[in-house]
Amino acid sequence: LVELAQSGGGSVQTGRSLRLSCTASRYSKAMGWFRQTQDKEREGVATIYSDTYIPGGSDTFYSDSVKDRFTISRDDTGNTVYLQMNSLKPEDTGMYYCAASPFYTDFVRFLNARGFFSWGQGTQVTVSS
């Protein structure tokens with residue numbers, strides 16, 4: 001398993017921005033961000049899959065609730081993935097988890113946690129109105 005170290009998060013007001021970071025102990029082709037609240041199951045927020053055959057190097061996938069507001073990216077080494085969160089809303093509040101997988105499955109495309117095998121420790125994001 002890959003070790004994942006998360007950073008970022010915090011408390012902000014509606015409309016503000018935050019950036020989460022996650023650094024993996026070794027490269028994983030697929031990485032993603034998931035979030036969970038007490039009254040909901042863990043849901044996929046954004047995933048990224050990188051491979052040499054992909055134009056531009058990576059494909060990204062987003063949940064409808066964050067599309068056009070959040071951006072997932074990775075650094076040049078590929079070991080660190082970011083989640084830039086803009087125009088935050090109270091419903092974005094939750095514990096955010098970074099995840100990694102060594103390969104692609106449709107679970108990555110459909111933001112399904114079953115496609116990921118390593119998980120970060122979680123970081124809290126709180127958005128107040």
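Predicted model: local features only at pLDDT ≥ 70, side-chain atom pairs only at ≥ 80, totals over all residues.

Colleague: Why is Thr-47 called buried?

Modeller: Buried means under 20% relative accessible area. Thr-47 has 0% relative accessibility, so Thr-47 counts as buried.

Colleague: And which residues is Thr-47 in contact with, if we skip the neighbours within four places in sequence?

Modeller: Among them are Met-31, Asp-59, Ile-72, Val-108 and Phe-116. Contact here means heavy atoms within 4.5 Å.

Colleague: How far apart are Thr-47 and Met-85 in space?

Modeller: They are 14 Å apart, C-alpha to C-alpha, and 38 residues apart in sequence.

Colleague: Next, the cysteines. What makes Cys-22 and Cys-98 a disulfide?

Modeller: A disulfide is a covalent bond between the sulfur atoms of two cysteines. The rule used here asks for sulfur atoms within 2.5 Å. Those of Cys-22 and Cys-98 are 2.0 Å apart, and the pair forms a disulfide. By that rule, the count is one disulfide. The pair links distant parts of the chain: Cys-22 is in strand S3 and Cys-98 in strand S9, 76 residues apart.

Colleague: Is that link left-handed or right-handed?

Modeller: Left-handed, with -75° about the S-S bond.

Colleague: Are Cys-22 and Cys-98 buried or exposed?

Modeller: The cut-off for buried is under 20%. Cys-22 has a relative accessible area of 0%, so Cys-22 is buried. Cys-98 is at 0% too, so Cys-98 also counts as buried.

Colleague: What makes you say strand S8 is mostly covered?

Modeller: Five of its six residues, 80-85, are buried.

Colleague: How do you know that S3 and S8 pair?

Modeller: Pairing takes at least two bridges, and S3 and S8 have six, running in the antiparallel sense. In one of these, Leu-20 is partnered with Leu-83 of S8. Strand S7 pairs with S8 as well, antiparallel over five bridges, and Ser-73 has Tyr-82 in S8 as its bridge partner. S7 and S8 form a hairpin with five residues between them, and Gly-78 in the turn has a positive phi of about 85°.

Colleague: Last one: why is Leu-1 called exposed?

Modeller: Exposed means over 50% relative accessible area. Leu-1 has 77%, so Leu-1 is exposed. Leu-1 lies in the segment before strand S1, and together with Phe-103 and Phe-117 makes a nonpolar surface patch of about 350 Å².

Methods. Residues numbered from 1 in each chain as written. Heavy atoms only, no water. Patch = residues over 30% accessible without salt bridge, like charges linked within 9 Å, V, L, I, M, F, W, Y side chains within 5 Å. Areas by Shrake-Rupley, 256 points an atom, 1.4 Å probe, with all protein chains shown as cover. Salt bridge = Lys/Arg side-chain N within 4 Å of Asp/Glu carboxyl O. Helix = DSSP H or I, 4+ residues; strand = E, 2+ residues; numbered from the N terminus. Buried < 20%, exposed > 50% of the residue type's maximum accessible area, 1.4 Å probe, protein only.
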